[in-house]
Amino acid sequence: MALEAAQVALAYYVRQQRIVRRTVDQVQAVWRLLDPRNLDASWQYAVSGGLVSTVAAGQREAAAHSDAYVAAVIAADGLDSDPAGRVEPLAFAGAASDGRPLKSLFYESVLEAKWLLEEVGQSEVDAMISGLEKLLRAASTQVADAGRTATGASLAGNRTINGYVRVVNPPACARCLILAGKEFGWNAGFQRHPKCDCVHMPARLIARGRHHPGAFDARTYFNGLSAAEQNRIFTIAGAQAIRDGADISSVVNARRGMYTADAYGQRVRATRDSATRRGAWYRQERQRAIERGLVPRSGRGFRLTSPRLLPEEIYRLADSRSEALAMLRRFGYLT
C-alpha cells in the first residue's frame, strides 16, 4: 500500500531523530574523556578531535537521505520527480549552522564548565553536567540542521517542487506549533531553535502561507494536552485565552513584542505585535475609528491611541468573564 506524503514525512523524521540520538550518545561518550582538573589540555589532545569527527559523521548521514526523501514525497503525491542535480552530503558536514568550525562551537561547553568551576564554585560533577548539557544541545542541533539544510537544497533543486509544508512533531514549543502545517516557498528559510526537530515536507503549493490540514493541526494538539501542559507551553494566561477561543497564533505572537506602558491609569503589559500599519489589529482599530467618524473613510490621519494588551493583562483587568471575552475581541485575540 502506497504511503501518503505526511506518512513519508513522519518516517523521515523518525530516521533523522535516530541519527541525532546515535550521535549525541557518541558525543556523551567522548565527553567523558575530559579531565575536569585539566580541561584545556584534555580538550585539545583527547576530546575535541573526537567530537568534531563524531558530529561531522552525523551531519553527513543526516544530509545523505535528503534526495531520497524528497523523491519519496513527490512519488506519494503522484508526481514525477525532476531533480536538477544531487545533494552532496559532505558539503553539509564539518561546520556549524552559523558558519564557524564545529570545534569553536563545542569549546563553549568547556568554557561553561570552567566558569562554573572557577567562578561560581560548583562541584566538578555539577559543572561537567552543565557543560555536557550545553554540548548535547549544540550537537543535536547541528546534526538536525544539516539534514534540514540538505533537504532545503534538494527541494530547491527539484523542478517539481515549489515549496514545503512545515511538519511539527510533538512535544513542541509554542513557536513551532503555530507554524505547524504552514506552507512556505521553496526559497523560504526554515525557522528553528536549539534542539528543534521540525522537518520540511516538500509540496506543490496551492497558496503560499496557507495551512495544510494533513500535516498538523495546532488547535487539535492544544485540546489534547492537559491543562497543566497547556499552561506550561503557552503560559497560564495565554492558555486560558486559547481555551476561551482566542487564535493560537495571535496569543503566541503577542509575546514577541512584549513591553510595558502606562495606560488605563496604571502600568500594563502590552505587545507591539500586529500593532504596526500592516498588522491585523492596527487595521481593526483603524476600521473602528472610521466607523465612529473619528477619521475619514480613507483612514488618513489615524493613529493608535492605546496599547494592545497582552492576554495576562486582560484577565487581570477584567471584572467578569464576559468583560474578558469582550476585551479579547477588542484587542484582536478573538474574532
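The residues that line the largest cavity of this predicted model divide into 5 nonpolar, 3 polar and 2 charged. They are Y12, Y13, Q16, Q17, A144, G147, R148, D197, C198 and V199, and the space they surround amounts to about 70 Å³. The count of cavities of 30 Å³ or more comes to 1. Two helices, α1 (5–31) and α5 (124–156), each supply at least two residues of this lining, and the largest share, 4 residues, comes from α1.

**The largest pocket**

Rolling a probe the size of a water molecule over the atoms shows where empty space is left. The largest pocket has a volume of about 450 Å³, and among the 22 residues that line this pocket, Q17, S140, K195, C196 and D197 are the closest to its centre. Q17 and D197 are also among the residues that line the largest cavity. The helices α1, α5, α6 and α8 each give at least two residues to the lining of the pocket, with the largest share, 6 residues, coming from α5. By kind, the lining of the largest pocket divides into 12 nonpolar, 4 polar and 6 charged residues.

**Aromatic pairs**

A pair of aromatic rings is described by the distance of the centres and the angle of the planes. The model has 6 aromatic pairs, and two of these pairs are set out in the table.

| Pair | Centre to centre | Angle between planes | Arrangement |
|---|---|---|---|
| W43 and Y107 | 5.7 Å | 45° | tilted |
| F222 and F234 | 5.3 Å | 75° | edge-to-face |

In the tilted pair of W43 and Y107, W43 belongs to helix α2 (residues 39–64) and Y107 to helix α4 (residues 102–120), so the pair ties together parts that are 64 residues apart in sequence. W43 counts as buried because its relative accessibility is 3%, whereas Y107, at 23% relative accessibility, counts as partly exposed.

For F222 and F234, the planes stand at 75°, and therefore the pair is edge-to-face. This pair links distant parts of the chain, with F222 in helix α7 (residues 218–223) and F234 in helix α8 (residues 227–234), 12 residues apart. Both partners are buried: F222 has a relative accessible area of 1%, and F234 has a relative accessible area of 4%.

**Charges over rings**

**The largest nonpolar core**

In soluble globular proteins, nonpolar side chains tend to be buried together. Here the largest nonpolar core has 46 residues, and those with the most contacts inside this core are F234, I248 and Y333. F234 is thus a member of this core as well as a partner of F222 in the edge-to-face pair.

Definitions and conventions:
Residues numbered from 1 in each chain as written. Predicted model: local features only at pLDDT ≥ 70, side-chain atom pairs only at ≥ 80, totals over all residues. Heavy atoms only, no water. 1 Å grid on protein atoms, 1.4 Å probe; cavity = no way out; pocket = protein on both sides within 12 Å on 5 of 7 lines; lining within 4 Å. Points joined across faces, edges and corners; volume = space filled by probe spheres on them. Nonpolar A, V, L, I, M, F, W, Y, C, P; charged D, E, K, R; others polar. Phe/Tyr/Trp six-rings, centres within 6.5 Å; stacked < 30°, edge-to-face > 60°. Buried < 20%, exposed > 50% of the residue type's maximum accessible area, 1.4 Å probe, protein only. Core = buried A, V, L, I, M, F, W, Y, C linked by side-chain atoms within 4.5 Å.
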